[in-house]
Each structure stands twice: as structure tokens, then as C-alpha cells.
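Q: Hey, can you walk me through this model? I'd like to go through it piece by piece.

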Amino acid sequence: MTAATHSPLFPRVPDTADAVLEGLDPEQREVATTLRGPVCVLAGAGTGKTRAITHRIAYGVRAGILQPSSVLAVTFTNRAAGEMRGRLRQLGAQGVQARTFHSAALRQLQYFWPKAVGGAMPRLVDRKSQLVADAAAACRLRLDRGELRDAMGEIEWAKVTQTVPADYALAAAKAGRDIPRDPAEIAQLYAAFEDLKRARGVIDFEDVLLLTVGVLQDRHDIADQVRAQYHHFVVDEYQDVSPLQQRLLELWLGQRDDLCVVGDASQTIYSFTGATPDHLLDFRTRHPGATVVKLVRDYRSTPQVVHLANGLLAQARGRAADHRLELISQRPTGPDPVHTEYTDEPAEAEGAARRIRALLDSGVPAGEIAILFRANAQSETYEQALADAGIPYQLRGAERFFDRPEVRKASIALRAAARFGGNDTALDEAVDLPSQVRAVLSVEGWTIQPPAGSGAVRERWESLAALVHLAQDFAAARPGATLADLVAELDERENAQHAPTVQGVTLASLHSAKGLEWDAVFLVGVAEGMMPITYARTDEQIEEERRLLYVGVTRARERLHVSWALARSPGHRPNRRASRFLDGLRPGSAPGTARTAAGGGAGGVERGAPGAVPGERRPTRRTPARCRVCGRTLTEAAEMKLMRCEDCPSDMDEGLYERLRVWRAGVARRSGQPAFCVLTDKTLVAIAETGPEDEPELARIPGVGMRKCRRYGADVLAICAGRDPEPADGEGDPNSSKK
């Protein structure tokens, strides 16, 4: 337990206002005692921001400067709001309202509805999935469960960014949204959803904010009444504020400026929901006289963990990086972070389980250990490894792999195929166990190519793809295995994972780990293609992935293990590499390019002056391409296509290269174009050297990209796997007959 982030279960209530300030460091004390005017607290991970702002409120109340009923503290989760209320009670500051944005707005909307609108307020629906499904049916759109969840996410994003249905397609394109369906269809669904709510007399959670904003904008008498109630505002996690929440905050404030905001641009990881750090970074522009306090004393993590966290951000680009904070650990020295490379993903999971068993044997509680991963689909391998080692675990922010609806449905389909497959025409052409599984799961939504986007549809596909890969591995380990054997294996795996969850090792995605901390953290799957994730393509998306890894690193108090695998499965080509974010930070890697933050750096206090404005934005730059052999920065286009220096040794598969050249010649002949327009020689060499196993790996090769991957990907991957391409009509056909 650390001083900044933990307190005794039943602490003694401070006797006086001055006693509230005891134990605060100089910057935290500055936050607590600057009670008038705008204050911006830039608080790094583990620096005790919640401690600072709760002591600020408590000191103001206990000193008689603030009336408890005049203070409104808002944050983003019910858990955080409850924690804040609990700390305020421990400090003797009862009566302060600490709520989420939605909770505070709902309370005001319920109170003022009869006066502002009249009659009964529409019913608030807790879950909008059925409404969206009904709206889709009205539009004659067929959405599966994953697409339904993605559509809800797009509607929510549009509403918090105050985008109406007619403007959705343009706004989504401008924001670079990854949308698995036609934007026009989403816009149509959005409009139908709004019409359906009005017809049924219901509202959703986004409407609560929109309607409260509407009331306060249109009814000045009501806005004045709210402002007469609340004089002092505190906003936590300000980097996660959406445009709609910012507008509501401005209406609460009116012309006053008694506002304290707390945030860290380097922990902005929810931009896909509409969150933006711009409000935090522009605070001094809107409030030139603001006091800015920087909290950089890290009470959570050891100097070794902090050094790695600082190193990650030192190579960051973009506006948030210009305002990064250089953390300074206040903890005693600890072990260095451990970086481990494994041959394949199962070996990585088993290695993590072995290390965790050693920690448990040394006395570290299971509840103080976490395995953090980028995508929920990664959990199953680690669930199995922990179950095999007899280690209890609990999942946070994700369902157990075998509890996921798509996995349950797929298991039922596989079981039915195992029993009645002889009557299933879909299995007629399946020649072995993997092809049987692919045939069955294709009916459930599995495809050779992953869907676009990063939402529920992609997660559903990843779950089904995990079953396909499992079937391939099972067949390789047990030649002659039948579909019934695989079903029995799935049953055994599911039963083995019914471990107690109390005091279990936490398995969590990096997003769901935000705000939590453990003594020992295992960051797994930190390889290119997963960190950053494949569909992160723009500079902004890449930088958000870096911030996500930073959040993961800063969850660790003492022990940090970072690992990656060179291949997905045993025996596969080792064509992966550690994440580019670790360049220069892990032993033996080429150094990255560190930068000095323009507006971040050391902690302290900056007094504002009228007319003061922050520095100009710096242009973002792309991460330089590096040789995958020696790590040198590549500058020549030909070298970038090869992904290595011309004079670095090549591990090209000559036979594969020749097969690719023969295939390319046939495609060029049939399409009537030069061979280099299909794929250049350099690109063929790069493919023959890397041997991609799936479409994301192929698309990452310079000279391929998503367009050519969609056009030629199936053929190229078949050739790389040692198979003949399937005959197909149209441009890009492979050879006209099978061998």
C-alpha cells in the first residue's frame, strides 16, 4: 500500500482543517489550498490525484471556505464517484455531491422536467440494444449481435459529439472511424432509432446529457437556479471529457471560473468513444489566468518501472506527447522490468504461468498479480495456462472465453456436426479436421479475412478464429483426430477453467485495467500487430496505442514482466517481432528517438496571467522505418519495401519466391497489366522473407496494403502456406487448375 493511493480502512477523521493537509507533498498541498479561480491539475499515473482533489474539497469545507452543498465533483464511473464520496466522509466533508456526469445530469433533469417541459419525464432505458434491433428491423437491416453492439457504439459516439444523423457519414469519415458497415446504413439506423424512441416515449443515457444541455440553454431561469446551487466544480479524468460533457460543464459554470480539472493527456485511451484531451490541453487558452499544478511524484511504482514508463512517452509524437509528464518515483528501488521473447503464444502463456507460480510460492497474493493484454480474444490461452498450473484467476472487463455467446453457439454447432455431420452437406468437401471446423464456423460468422474495424464484430471474429486455430493445433498434435475428439477437448478445457475467482490472478484488457494497480503485472502479447493493434493505421491511432501500453506499464507497483511471441503456434514461422514501442527500451534493441516535452516535464506550479496562451502545436511525424535485422533507420524506398538494409542478410525462402513469381506472371497475363503492377520484385522478396500467415501480417508488408491484400491476399497466403491458390473468376485468378 502506498501513501498516495491507499489509506487505512477506517482512518481517523482529521481534527482541524489544517490537519487535512498533513501528509500532502508540496504540489498536492498547492492543489488543496488553491480554492479560487480556475485550476488545472496535470497528474501523472500514481501521483495521488484523487488524494489531492479530495483533500482540496475537504480542506475548503473544513475551513469554512466552501459550503458542502455548493460543491459538485464529477467523474466518469460509479466506482470512482463512490470512492471519492468515501474519502470525503473519511476527511469529515459530508454533504458534498460526487457523481458521474450522467448521474448529476439525470438528477437535475428529473427535478426540472415538470417546470421546463411539463408532464412526466420519459422513461430511461438502461439497455438500448432491443431498441436498436427494432430500429434495424424497421430499416430492413440484418445485424448480428456483434454488429448490433458496434452500431450502438457509433450512435453513442455521434450523440456525445453532437452529430445528427444527417451529418453522421461526413463526421465519421472526418474522424477516421473504422465502421464495419456502410456509413449511410448507420446514419439511417441512427435516425430510425431516434424516431422509435420518440414514438415509445423513452430516452437513453446520451439523451440525459443532451436534454439537460437543451434545458439549460433554453431556460435561463433554470440555468440560474442550478448556478445558484453549485458554485464550485471539480472534474476528475478530464482528458476523457466528450464535447457534450464539456458543453454541459460550461452551462453549469456560466460566467464563473471556480473550476478545478484533473487529468493526464498521456492516459487518453478512449478517443473511440468521443473522448478528447483537447479540453485539458486547451484549458489555459480558455482560462488564461489559471493556476496549473503538475503532479509528478509517483508513489505507486518503483524507479525501474517509472523509468520504462518515461521511456515509452519520450518517443511519443503528437500534441498529448508535447505535454507529457516526467514521473519521479518516490518508492525504494526494485527489480528491473523483465523482457522475455518466446517462440510461440502457448509458450508465452506457460512462461507467464510459471513465473506467477513462483511469485505465489514466494508469498505474493494472487490478488496482487495481473496479466494484461490488448484484446479480449487473447484471454483463452492464458486462462488455460493458469488452469493447467492450478492457479486461480478472475476475468475483469471480459467474459470467460467459453462463456462468450459466440463461443457457446460455436460449441453447440461443432457438437451437432460431430453427431450428425454425415447429413451435413457443408462438410462434404471438408477433407480433414481443420477444414471441417472452418466449414462449421463459417456458418456462425467466421471468415478467412477479418472484418474491418475494432469493435464487437472484430472481437466476435477473433473468438471464432481462436477456435479455428485451436482445431489446427489439435489436428497437428493428434493426427487422425475427429470432430468428436475436438468437442471432447473443448469440454475438458471448459471444465478446467472453473477455478475459484476469490484472490485470483486478474486477467484483464488494458482498457479495463485503467485506474487499477497490482504488485506484479505481466504485459503479454507486446508484439507488432497486437501492440500497436493491426487496425491502428493513422499517426493518432498509433499514438493512442502507445498511451495504452503506458497505462499498462504504470499499473505495476514493483514487478513488471513484458513478453511477446515470435509465432502464433508451435512450429510456425517465427515472423513476428517485439513492439516498436519497446525499441531502445528492451535489452539489445536499437534506440528510439527521445523527445523533450514542450509543456510537460517536471512538476511544480505555474501561475497564470491574463492573455497567456500555451505554445503552438508541433506537427506530428511518422515513426521512422527501421531494419528488422539490424534496427538501422531506413531511408531508401527499396529498403523500406524489404523492411531491411540491402546488405543485411536475407532469410528468403527461394522456393516460395519462385512460386510467387509464377503466380504473379499468370495474374499479370490474365489481367493484361505489367507484372510489377501486381506486386513488385521487392515486395515478393519481402513476402518470401517474412512468410505471412494471415492477412494482417501480409497487409503490413510495404507494397501490399489493404487494397492489394483484399485483391490478392487469399492467393498469396495459400502459396505461403504451401498450397495451390483456389481457382476463381475475375482479375487476380490464380492458376487455372489444381495440381
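Q: How many bridges join strand 12 to strand 14, and do they run parallel or antiparallel?
A: Four bridges join strand 12 (residues 369–373) to strand 14, and the two run parallel. Strands here are DSSP runs of E with at least two residues, helices are runs of H or I with at least four, and both are numbered from the N terminus. Two strands pair if DSSP finds at least two bridges between them.

Q: Before we go on, what sort of model is this?
A: This is a predicted model, where local features need pLDDT of at least 70, side-chain atom pairs count only at pLDDT 80 or more, and totals for chains, interfaces and linings use all residues. Residues are numbered from 1 along each chain as its sequence is written, and side-chain values use heavy atoms, with hydrogens and water left out.

Q: OK, back to strand 14. Which residue stands opposite Ser 509?
A: That's Phe 373. Strand 14 also pairs with strand 13 (residues 393–396), again parallel and through four bridges, and there Arg 396 stands opposite Ala 508.

Q: Is strand 14 enclosed or open?
A: Largely enclosed by the rest of the structure, because five of the five residues in strand 14 (residues 505–509) are buried. Buried means under 20% relative accessible area, exposed means over 50%, and partly exposed is in between (1.4 Å probe, protein chains only).

Q: Which way do the side chains go?
A: Val 505, Leu 507 and Ser 509 point one way, while Thr 506 and Ala 508 point the other way. In a regular strand the side chains alternate between the two faces of the sheet.

Q: Switching topic: how many aromatic pairs are there?
A: Nine aromatic pairs. Rings of Phe, Tyr and Trp (its six-membered ring) pair if their centres lie within 6.5 Å; planes under 30 degrees apart count as stacked, over 60 as edge-to-face and the rest as tilted.

Q: Why does the pair of Phe 233 and Trp 252 count as stacked?
A: Their ring planes are at 10°, with the centres 6.0 Å apart, so the pair is stacked. Phe 233 sits in strand 6 (residues 232–235) and Trp 252 in helix 12 (residues 243–253), 19 residues apart, which links distant parts of the chain. Phe 233 is buried at 1% relative accessible area, and Trp 252 is buried at 0%.

Q: What other pair is there, say with Tyr 238?
A: Tyr 238 pairs edge-to-face with Phe 283, at 6.4 Å centre to centre and 90° between the planes. Tyr 238 is in the loop between strand 6 and helix 12, and Phe 283 is in helix 14 (residues 283–286), 45 residues apart. Tyr 238 is buried at 0% relative accessibility, and Phe 283 is buried at 0% too.

Q: Which residues do ring pairs link into a cluster?
A: Phe 76, Phe 101, Tyr 230, Phe 233 and Trp 252.

Q: And helix 12, how many of its residues are buried?
A: Eight of the eleven, so helix 12 is largely enclosed by the rest of the structure. Among the buried ones are Leu 244, Leu 248 and Trp 252. Just after helix 12, Gly 254 takes a positive phi of about 70°.

Q: Last one: which strands does strand 2 pair with?
A: Strand 2 (residues 71–75) runs parallel to strand 6, with four bridges between them. In that pairing, Ala 73 has Val 234 as its bridge partner. Strand 2 also pairs with strand 3 (residues 97–100) in the parallel sense over four bridges.
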